[in-house]
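Reader: Before we look at anything in detail, could you take me through how such a model is read, one feature at a time?

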Amino acid sequence: MTSTTPPDPACPCGSQRPLAECCGRYHQGEPAPSPEALMRSRYSAFALDLTDYLRETWHTSTRPASLPADDATRWRRLEILDHDEQGDHGRVHFRATFQEGRRWGVLEEASRFVREGVCEEARWYYLDGEPSVTRLKPGRNDACPCGSGRKFKACCGLG
């Protein structure tokens, strides 16, 4: 009798890599090496409802007192539009597509990050951003907003 281990799920950040090799290692405590890596891991944390990780990676000067779980939102796609890192400051401009029930939307944000600590102890933190939310109304024959490349009616629009 042989034992089969289920494959590691793909990382929600869209890298096409297994979660454990991608954002999962940051969720387990390894410091993200760049603002973009931290942004991707935070997106994955939102998708996986890892609120403790989100709070830990939020800079103390802007961190909310609490972060309630959000069972209604399903994060479907992350697109990194631009990113930059200069010394201990970074920024990431991203677009995240989400679904709430039958409604779809896009959160676009230019986020700022800061690195604090010394040498190996240095960590990146999310500082703040300027979010903008737009509602989507995908038609049956439109490309699916999840980024699969299929028509909406043959993908996420099945429900």
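**Reading charge pairs and cores**

Author: Aspartate 128 has a relative accessible area of 26%, and it therefore counts as partly exposed, a label for values between buried, under 20%, and exposed, over 50%, computed with a 1.4 Å probe on protein chains only. Please keep in mind that this is a predicted model, in which local features need pLDDT of at least 70 and side-chain atom pairs need pLDDT 80 or more, while totals for chains, interfaces and linings use all residues. Residues are numbered from 1 along each chain as its sequence is written, and side-chain values use heavy atoms, with hydrogens and water left out.

Reader: With which residue does aspartate 128 form a salt bridge?

Author: Side chains of opposite charge can pair when their charged atoms come close. The rule used here asks for a side-chain nitrogen of Lys or Arg within 4 Å of a carboxyl oxygen of Asp or Glu. The partner of aspartate 128 is arginine 112, and the closest N and O atoms of this salt bridge are 2.7 Å apart. Because arginine 112 lies in strand S3 and aspartate 128 in strand S4 (residues 123-136), the pair ties together parts that are 16 residues apart in sequence.

Reader: How many residues apart are glutamate 85 and arginine 115, and in which strands do they lie?

Author: Let me give the pair first and its place in the chain second. Glutamate 85 and arginine 115 form a salt bridge whose closest N and O atoms are 4.0 Å apart. This pair links distant parts of the chain, since glutamate 85 sits in strand S1 (residues 73-86) and arginine 115 in strand S3 (residues 103-116), which places them 30 residues apart. Glutamate 85 is partly exposed at 37% relative accessibility, and arginine 115 is partly exposed as well, with a relative accessible area of 25%.

Reader: How far apart are the closest N and O atoms of glutamate 30 and arginine 25?

Author: In that salt bridge the closest N and O atoms of glutamate 30 and arginine 25 are 3.9 Å apart. Glutamate 30 is partly exposed, its relative accessible area being 40%, and arginine 25 falls into the partly exposed class too, at 31% relative accessibility.

Reader: You have named several strands; how many helices and how many strands are there in the chain?

Author: Helices (H or I, at least four residues) and strands (E, at least two) are DSSP runs, numbered from the N terminus. The chain has three helices and four strands, and read from the N terminus on, their order is α-α-α-β-β-β-β. Along the principal axes, the C-alpha atoms of the chain fill a box of roughly 55 × 50 × 30 Å.

Reader: What share of the 159 residues in the chain is buried?

Author: Buried residues make up 33% of the 159 residues. Some of them can be grouped into a nonpolar core, a set of buried Ala, Val, Leu, Ile, Met, Phe, Trp, Tyr and Cys residues joined through side-chain atoms within 4.5 Å. The largest nonpolar core in this chain has 24 residues, and those that touch the most other members are Cys11, Cys13, Cys23, Leu38, Met39, Phe94 and Phe113. Helices H2 and H3 and strands S2, S3 and S4 are the elements that give two or more residues to this core, and the largest share, five residues, comes from H2.

Reader: Which residues does phenylalanine 94 touch?

Author: Here contact means heavy atoms within 4.5 Å. When residues up to four places away in sequence are not counted, phenylalanine 94 touches Met39, Leu78, Glu79, Ile80, Leu81, Leu107, Glu108, Glu109 and Ser111. There is also a second, separate core of six residues, and among its members are Trp104, Cys144, Cys155 and Cys156.

Reader: What percentage of the contacts in the chain with a separation of 6 or more comes from residues 24 or more positions apart?

Author: Residues 24 or more positions apart account for 40% of those contacts.
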